[in-house]
Amino acid sequence: MPTLTANGIRIAFDTAGDAKSTPVLLVHGLGMQLTSWPEEFVDGLVELGFYVIRFDHRDCGLSTKFDRAGKPNLASNWLRGWFRAWLTSHVRLPARPVYRLDDMADDALGVLSALGIARAHLVGVSMGGMVAQILAARHPQRVLSLTSIMSSSGRRGLPGPGPAVRQALMQRPADPNDVDAIIEAAVVLQQAIGSPAYPTPEKQLRRRAARALRRCYCPAGVARQMLAITSAPERSELLRSIAVPTLVIHGAADPLVPLACGEDTAAQVPGARLEVIEGMGHDLPVQLNERMLALIDANARGKITPDSTPHLYVRQ
């Protein structure tokens, strides 16, 4: 796997398609590696004529880990919100985040610069949507369009996950040193947040979890990324400055980042389009691959209009 140096760290990346084609940068979510993007999704973007770039965030995959921060110390008076129980059950945390979402946005920008790419379309999922939002707002000259999927504006007061998801988030592997136990915990979580109308077979979830585990397992890194999320200020004002074509995609059945979060994101970005997908949870099910690709392609080419799909709404 190739690596590059950007923003002072080593970042693992991968590309697909013709380097002379229009670039699209994929920005994944919390603890997700570049290999977590479904191959059918990547291949579909290539077939649509895009040059696809994926990368591992800091603290996951084959990119730089921030273990130099030392063993995190629990600061219960700092931790608030619905992540508290999951965080404290997995790893002790520092009082202040080691880095911010803004730093992760600078990493993404650094990937583009290192590859000599002046402007790119952005597709961000969950935490990756937050990172992409920041990049689009702070560096508009480097962004062609933004697609924010199952993400949030971070505005205080927005709903969090339901009880079943909170329980899955709090669940620790029965044996943190046992591969099967780690995979089992990952499968339980994915089943809890997945799309009820588009379920992924359990065997496939297990294969994905095993593949990710073989490539990298860094729960402390996931916790540090989560701290970057929970400590981030809301982005409402920042989102109002985004001027590129913006599409917000959100599942009506998302149990982790509820639909209200996507609705609020679209409401903050001038002219943003909101696509609500019934039965979709907090994942990228293969059954929705063609629909998602068509929406991303239409947004990138400036062809999305309120009448282009019966599920599309425009936020002015």
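Predicted model: local features only at pLDDT ≥ 70, side-chain atom pairs only at ≥ 80, totals over all residues.
## A guided first look at the model

Residues are numbered from 1 along each chain as its sequence is written, and side-chain values use heavy atoms, with hydrogens and water left out.

Visitor: How many helices and strands does the protein have?
Guide: Both kinds of element are DSSP runs numbered from the N terminus: helices are H or I with at least four residues, strands E with at least two. For the protein, the secondary structure comes to eleven helices and nine strands.

Visitor: Among contacts between residues at least 6 apart in sequence, what percentage join residues at least 24 apart?
Guide: Contact here means heavy atoms within 4.5 Å. Taking contacts between residues at least 6 apart in sequence, the share that joins residues at least 24 apart is 75%.

Visitor: Which residue in the turn between β1 and β2 has a positive phi?
Guide: Strands β1 (residues 3-6) and β2 (residues 9-16) run antiparallel and are joined by four bridges; two strands pair if DSSP finds at least two bridges between them. Thr-3 stands opposite Ala-12 in β2. The two strands form a hairpin with two residues between them, and the turn residue with a positive phi, about 55°, is Asn-7.

Visitor: Which residue in β4 stands opposite Phe-13?
Guide: Strand β2 also pairs with β4 (residues 50-55), in the antiparallel sense over four bridges. Opposite Phe-13 stands Phe-55.

Visitor: Is Ser-63 buried or exposed?
Guide: Ser-63 lies in the loop between β4 and α2 (84-90). Leaving aside neighbours within four places in sequence, Ser-63 is in contact with Arg-10, Ile-11, Ala-12, Asp-56, His-57 and Arg-58. Because its relative accessibility is 0%, Ser-63 counts as buried.

Visitor: How far apart are the end C-alpha atoms of helix α3?
Guide: The expected span of a helix is 1.5 Å times one less than its number of residues. For the 14 residues of α3 (residues 101-114), that should come to 20 Å, and the distance between the end C-alpha atoms agrees: 20 Å.

Visitor: Which residues is Asp-102 in contact with, leaving aside its neighbours within four places in sequence?
Guide: Asp-102 lies in helix α3, which is mostly covered, with ten of its 14 residues buried. Asp-102 is buried, with a relative accessible area of 17%. Beyond its neighbours within four places, its contacts are Ile-134 and Arg-138.

Visitor: Are α1 and α11 parallel or oblique?
Guide: Axes are lines fitted to C-alpha atoms, for helices over the stretch in contact, and angles run from 0 to 180 degrees between N-to-C directions. Helices α1 (residues 39-47) and α11 (residues 289-300) pack at about 40°, with axes 10 Å apart. Angles under 35 degrees count as roughly parallel, over 145 as roughly antiparallel, 65 to 115 as roughly perpendicular and the rest as oblique. That makes α1 and α11 oblique.

Visitor: Is the crossing of α5 and α6 left-handed or right-handed?
Guide: The axes of α5 (residues 163-170) and α6 (residues 179-193) come within 9 Å and cross at roughly 160°, so the two helices are roughly antiparallel. A crossing is left-handed if the near helix is turned anticlockwise from the far one by less than a right angle, and right-handed if clockwise. The way α5 passes α6 is left-handed.

Conventions. Buried < 20%, exposed > 50% of the residue type's maximum accessible area, 1.4 Å probe, protein only.
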